[in-house]
Amino acid sequence: MSRVTKKASSVCTDSPLSMSEVCRKMTLMRQILTSCFGPNGRLKQVHNNVGGHVLTTSTSTSLLQAVSSSEPLLKLITASILNHLSRFSDCGLYTGILCFSLIDHVQKSGLRPSVAIKINKQLLEVCTSFLNQEDCGCKVNVDFNSCQSLMTLARSVISSKPACVLTEGEQQHISMLAVHAFLLTVPCGDTPGSPDRVRLGRTVTVSIEGQFVLDSAVFPGLLVNVPDMQLHPTDSERTRRGPGPFRLALFTVSLSGDLSEFGEGSLEVHCGAPDPEDLILDELLKLGEQAVTDQVEVFMCQRVIHPVLQHYLWRHGVLVVERLGIALIQPIVQMTGAQAVALYQTPIPPEAYGQVKGCCVRTVGSRKMLHLLPPGEPAPAVCTMVLCHRNDTMLNELKAVCQRAEHVLRLTLRDPVALLGGGCTETHMAAYINNKGTTEAAEAAVSLGVSQSQYLLGLNGFCSSLETVALALEHDGGTSLVDLTYAHHWSVPQGEAIHSGTVLQGEGLQPGDGGEVPDTCGCGLVERSGRPGPELEWTPLNTRYPLRPAPLVVGKDTTPQLRVLDSFTAKLNALQVAVEMANVVLDIRYVIQDVN
């Protein structure tokens, strides 16, 4: 077929970062991400201009998936952030803020992109090497003999999403549930197979709208939504009977007996031949007879079960559950050891049966749910987290955040360490890199083939970008400081003049700015008073005051003091993604777009 209009040539854009419209869009995206960052971040509402669903969120995954852009560079950065989040679930806003800040500093400094890329790569290696050191001042060990560090990690993730609208007590309660669910899915004792590979369990989330957050709970095993119409009068007695184990059969094929299940087409029935529906029902009843003979106690189906078959099973004391949905099939298989049966025309193989320890009916909010108890010990591989909140928007955000918190906790099994939160890792690392880079500037410049002034310019931009992440935590007009001893981040709320300690005057800080310096730094590790050594001094962030951060040993006695912890694995990868993506964007010379 011939084209109605002639095919247009592709549009080639030379040096896209030099175009004001591209820079404006990137600045706007950076402002959006920055304004969402941290526990005091601002919420975002995203909706289509022709109507439809309105999304209210402060999480990077929901925001980046909802916000679309026609700018290729923004699409590239967004795709890299979403790919990072799909693997690590955390530090998406951190990745975007750092990436845009690095690009912005290169543009403002006047450094050639090729020079900036070399310097960024070298400084990224310094950062990675520093964070992987055993004596790194930004790391703390995660002690699995105590839940304190796990609680801090979970609470840091949950409290950083203000769209959940949780009080401090509710944050503590949800954090405790997240840790509880995580521990239930970690196997105890020896595991079969390779000792280096541990198969973790699964957490199934059930959302209930209109209940108090403190009504949320975690249950070992599975809670299955069972409408009142599915609960036969004999089921209440059946679920209260003595301990199991009970044999369970699970089907993924429809047992409704409808001919439509066989697909589309015509069916020709000769005169005098048996009714096809009667034949199908006979097959279903044979299946029920085998289940009763094999002493099946729980009969479950992903789809619909024929009423006659249901009545037959109920009459023989079998608990029947239909319309499970596909989402629950794999958790049931994992917990019970059953094999999902996809045919009813053949006998059920003996190895297809699973087991549950027991079952009972629980009332959770306005719902009646069937609780399937996991068989045997050690700890169950599957658990159910029931999340309650006041409305659907908060509930969706809370559900997503709890899933991210569980993923972050699982990352600690591979690397049982965490990074200091509250901006302290960024300020401490920036001070370390600035001190090391300034000291070794001549040698580093020669090895990279750049001048010393270019290297120092790139070093300043890299350190400033790290500190920009810490600065992004402040949204209420306060002042961000860094102490000159340990290079930790201190956030001073807006208010009266600073009275505590000594604050050196710097760029952007005038007498009377800020308020009382808090008792501890952002992560809670460094205390303002009651600490051996000289009195702390502070300077505003991004003033490039020369300092060499003193080592601060983090032991078991100091870990409980920490208020904020970040995932080591997620943040290390986020740092690498941000720097590498900034380098990719800086290296792009042409953008070619097909406009047809």
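User: How do the residues that line the largest pocket divide by class?

Analyst: Happy to start there. Rolling a probe the size of a water molecule over the atoms shows where empty space is left. On a 1 Å grid over the protein atoms alone, a pocket is an open set of points with protein on both sides within 12 Å along at least five of seven lines, while a cavity is a set of points where a 1.4 Å probe fits but cannot get out; lining residues have an atom within 4 Å of a point. Here the lining of the largest pocket divides into 17 nonpolar, 19 polar and 10 charged residues. The classes are: nonpolar for Ala, Val, Leu, Ile, Met, Phe, Trp, Tyr, Cys and Pro; charged for Asp, Glu, Lys and Arg; polar for the others, Gly among them. This is a predicted model, in which local features need pLDDT of at least 70 and side-chain atom pairs count only at pLDDT 80 or more, whereas totals for chains, interfaces and linings use all residues. Residues are numbered from 1 along each chain as its sequence is written, and side-chain values use heavy atoms, with hydrogens and water left out.

User: What is the volume of the largest pocket, and which residues are closest to its centre?

Analyst: The volume of the largest pocket is about 1200 Å³, taken as the space filled by probe spheres set on the points, with grid points joined across faces, edges and corners. Of its 46 lining residues, G38, P39, G422, L473 and V564 are the closest to the centre. Two or more lining residues come from each of α4 (92–109), α6 (148–159), α15 and β17 (489–492). Those element names come from DSSP runs numbered from the N terminus: helices are H or I with at least four residues, strands are E with at least two.

User: How many cavities of 30 Å³ or more does the structure hold?

Analyst: There are 2 cavities of 30 Å³ or more. The largest cavity has about 110 Å³, and of its 15 lining residues E467, V482, R544, Y545 and L547 are the closest to the centre. Helix α13 (424–439) and strand β19 (537–540) each give two or more residues to this lining, with α13 giving the most, 4 residues. By class, the lining of the largest cavity has 8 nonpolar, 5 polar and 2 charged residues.

The second largest cavity holds about 50 Å³. Its lining consists of A178, A181, T203, T205, M385, C402, Q403 and E406. Helix α12 (392–414) supplies the largest share of that lining, 3 residues.

User: At what angle do α13 and α15 pack?

Analyst: Axes are lines fitted to C-alpha atoms, for helices over the stretch in contact, and angles run from 0 to 180 degrees between N-to-C directions. Angles under 35 degrees count as roughly parallel, over 145 as roughly antiparallel, 65 to 115 as roughly perpendicular and the rest as oblique. Helices α13 and α15 make an angle of about 170°, their axes 8 Å apart, and are therefore roughly antiparallel to each other. Contact here means heavy atoms within 4.5 Å; among the residues that meet are M429, A430 and I433 in α13 and L459, F462 and L466 in α15. This contact has 11 nonpolar, 4 polar and 2 charged residues.

User: Which residues make the contact between α14 and α15?

Analyst: Helix α14 (residues 441–448) packs against α15 (residues 452–471) at about 105°, with the axes 9 Å apart. The two are therefore roughly perpendicular to each other. A441, A442, A444, A445 and L448 of α14 touch Q452, Y455 and L456 of α15. The class count for this contact is 7 nonpolar, 1 polar and no charged residues.

User: Now the sheets. What is the strand order in the open sheet of 4 strands?

Analyst: Strands of a sheet pair through backbone hydrogen bonds, either parallel or antiparallel. Two strands count as paired if DSSP finds at least two bridges between them. The order is β10-β9-β8-β11, with mixed pairing. β10 (319–321) and β11 (354–356) stand at the edges with a single partner each, so one side of each has no neighbour in the sheet. Strand β9 (residues 298–301) runs parallel to β10, joined by 3 bridges, and M300 stands opposite V321 in β10. Helix α11 (residues 329–336) lies across β8 (246–251), β9 and β11, at about 150° to β8.

User: What order do the strands of the 3-stranded open sheet take?

Analyst: That order is β5-β14-β6, again with mixed pairing. β5 and β6 (217–220) are the edge strands, each pairing on one side only, and the twist from one strand to the next averages 20°. β6 and β14 (residues 382–389) pair antiparallel over 4 bridges, with P220 opposite C383 in β14. Helix α11 packs on this sheet too, touching β5 and β14, at about 130° to the direction of β5.
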